[in-house]
Amino acid sequence: MLVVAALVCIWGNIHTASADMSPTECKVETKLAGNACLAVLYGKSPSADCCQRVRVTHVECVCPYVSPKVASIIRAYGLNKLIKIIEGCGRAVPHNVKCGSITIP
């Protein structure tokens, strides 16, 4: 689940978590994103729920989960492939953004 949640970190138009976002709220948001987008890792197209999560999840909530191990899994899956999926959900992906152990080219 952490791998899927980590995908959120590369989604552009970064939402700034408000000062009112608690660690518990971030954990819930990350879990919702992971559950909604799990099928993408198995080669399926993102569902409407997954795309909605792509558009609303706060990057600050998931970047802490992007360890070197998670980043290597994302790279093995195909970072450019994931970027295309994210853009297909209607969210721009900025260049040269660092999130945890991954930097968007």
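Leaving aside its neighbours within four places in sequence, which residues is Cys50 in contact with? They are Ala36, Cys37 and Val40, where contact means heavy atoms within 4.5 Å.

The model is predicted, so local features need pLDDT of at least 70 and side-chain atom pairs count only at pLDDT 80 or more, while totals for chains, interfaces and linings use all residues. Residues are numbered from 1 along each chain as its sequence is written, and side-chain values use heavy atoms, with hydrogens and water left out.

The protein has six helices and two strands, in the order α-α-α-α-α-α-β-β along the sequence. Helices (H or I, at least four residues) and strands (E, at least two) are DSSP runs, numbered from the N terminus. Buried residues make up 42% of the 105 residues; buried means under 20% relative accessible area, with a 1.4 Å probe and protein chains only.

Cys50 belongs to helix H3 (residues 48-56), where Cys50, Cys51, Arg53 and Val54 are buried. Seen down the axis of H3, these buried residues fall within an arc of 160 degrees, so they line one face of the helix. The arc is that of the directions from the helix axis to the C-beta atoms. An α-helix has 3.6 residues a turn, so residues three or four places apart point the same way. The buried residues of H3 pack against H2 and helix H6 (79-88).

Cys50 and Val54 are also among the residues that touch the most other members of the largest nonpolar core, which has 22 residues. Such a core is a set of buried Ala, Val, Leu, Ile, Met, Phe, Trp, Tyr and Cys residues joined through side-chain atoms within 4.5 Å. H2, H3, helix H5 (68-77) and H6 each supply at least two residues of this core, and H6 gives the most, with four.

Two charged residues come next. Glu29 lies in helix H2 (residues 23-37). Glu29 is buried without a salt bridge, that is, a side-chain nitrogen of Lys or Arg within 4 Å of a carboxyl oxygen of Asp or Glu. The nearest side chain of opposite charge, Arg53, is 4.9 Å away. A polar atom of the Glu29 side chain lies 2.6 Å from the backbone nitrogen of His58.

Arg91 sits in the loop between H6 and strand E1 (98-99). At 3% relative accessibility, Arg91 counts as buried. Its side chain reaches the backbone oxygen of Val54 at 2.3 Å. The C-alpha atoms of Arg91 and Cys51 are separated by 8.8 Å, although the two are 40 residues apart along the chain.

How values were computed:
Buried < 20%, exposed > 50% of the residue type's maximum accessible area, 1.4 Å probe, protein only. Lys, Arg positive; Asp, Glu negative; His and termini not counted. Polar contact = N/O pair within 3.5 Å; in protein donor to acceptor, adjacent residues only side chain to side chain.
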